[in-house]
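Subject: Structure handover

Hello,

Here is the structure for you to look over. My notes come after it.

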Amino acid sequence: MNVTGIAIGLAAFLIIGVFHPIVIKGEYYFGKRIWPLFLILGISSCIASLFIQNAIVSPILGVLGFTLFWSIKELYEQEKRVEDGRFPRNPKRKK
């Protein structure tokens, strides 16, 4: 029995699920100015994925990398959702 696909699918599901609140909290506390962190981590994950030989870890790092890239887009959209009043604005952070 080969469980590689199930393991990668589960990891992708968990990574995407974890990054939803990370984007919301990141925008709340830091605004969209943290996007370079997501970019650096995404590039690092993708590069690591190229060099790791493990058939499960390599694709998981690829999924992580592209989830980080997608999170950059979501940071900007989260800012719009805050401006529209669908999410709370951090009163301690200046606009």
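Below is what I found, going from the overall fold to single residues.

Please keep in mind that this is a predicted model.

**Overall fold**

The secondary structure is three helices and zero strands. Along the sequence the pattern reads α-α-α. The protein has a radius of gyration of 16 Å, whereas a compact globule of 95 residues would come in near 12 Å. The C-alpha atoms fill a box of roughly 50 × 25 × 15 Å along the principal axes.

Buried residues account for 32% of the 95 residues. The exposed surface comes to about 6,600 Å², and carbon and sulfur atoms supply 71% of that area. Take the contacts between residues at least 6 apart in sequence: 68% of them join residues at least 24 apart.

**A nonpolar patch**

Look next at the surface. Seven names to find there are Trp35, Leu39, Ile43, Ile47, Leu50, Phe51 and Tyr76, which form a nonpolar patch. Together they have about 680 Å² of accessible area. Which helix gives the most to this patch? That is helix H2, residues 35–51, with six residues.

Trp35 belongs to helix H2. Its relative accessible area is 32%, so Trp35 counts as partly exposed. Patch members need over 30% relative accessible area, and Trp35 has 32%.

**Ser71, a buried polar residue in helix H3**

Ser71 sits in helix H3, which spans residues 57–83. Is Ser71 buried or exposed? Its relative accessible area is 3%, so Ser71 is buried. The Ser71 side chain reaches the backbone oxygen of Thr67 at 2.8 Å. Setting aside neighbours within four places in sequence, Ser71 is in contact with Phe19, Val23 and Phe38.

**Salt bridges**

Side chains of opposite charge can pair when their charged atoms come close. How many salt bridges does the structure hold? There are six. Three of them are described here, starting with Lys32 and Glu79.

- Lys32 and Glu79: the closest N and O atoms are 3.1 Å apart. This pair links distant parts of the chain, 47 residues apart. Lys32 is in the loop between helix H1 (4–30) and H2, and Glu79 is in helix H3. Lys32 is partly exposed, because its relative accessible area is 31%.
- Glu77 and Arg81: their side chains meet in a salt bridge at 3.9 Å, N to O. Both lie in helix H3, four residues apart, or about one turn of the helix. Glu77 is partly exposed at 27% relative accessibility. Arg81 counts as buried, since its value is 17% and the cut-off for buried is under 20%.
- Arg86 and Asp84: the closest N and O atoms are 3.8 Å apart. Arg86 is exposed, with a relative accessible area of 56%. Asp84 is exposed too, at 59% relative accessibility.

Lys73, Glu74, Glu77 and Arg81 are linked in a network of salt bridges.

**Where to look when you open the file**

Begin with the surface of helix H2, which gives six residues to the nonpolar patch. Finish with Lys32 and Glu79, the pair that links distant parts of the chain.

Best wishes

Methods: Residues numbered from 1 in each chain as written. Predicted model: local features only at pLDDT ≥ 70, side-chain atom pairs only at ≥ 80, totals over all residues. Heavy atoms only, no water. Patch = residues over 30% accessible without salt bridge, like charges linked within 9 Å, V, L, I, M, F, W, Y side chains within 5 Å. Areas by Shrake-Rupley, 256 points an atom, 1.4 Å probe, with all protein chains shown as cover. Salt bridge = Lys/Arg side-chain N within 4 Å of Asp/Glu carboxyl O. Helix = DSSP H or I, 4+ residues; strand = E, 2+ residues; numbered from the N terminus. Buried < 20%, exposed > 50% of the residue type's maximum accessible area, 1.4 Å probe, protein only. Rg over C-alpha atoms; globule rule 2.2 N^0.38 Å. Contact = heavy atoms within 4.5 Å. Polar contact = N/O pair within 3.5 Å; in protein donor to acceptor, adjacent residues only side chain to side chain.
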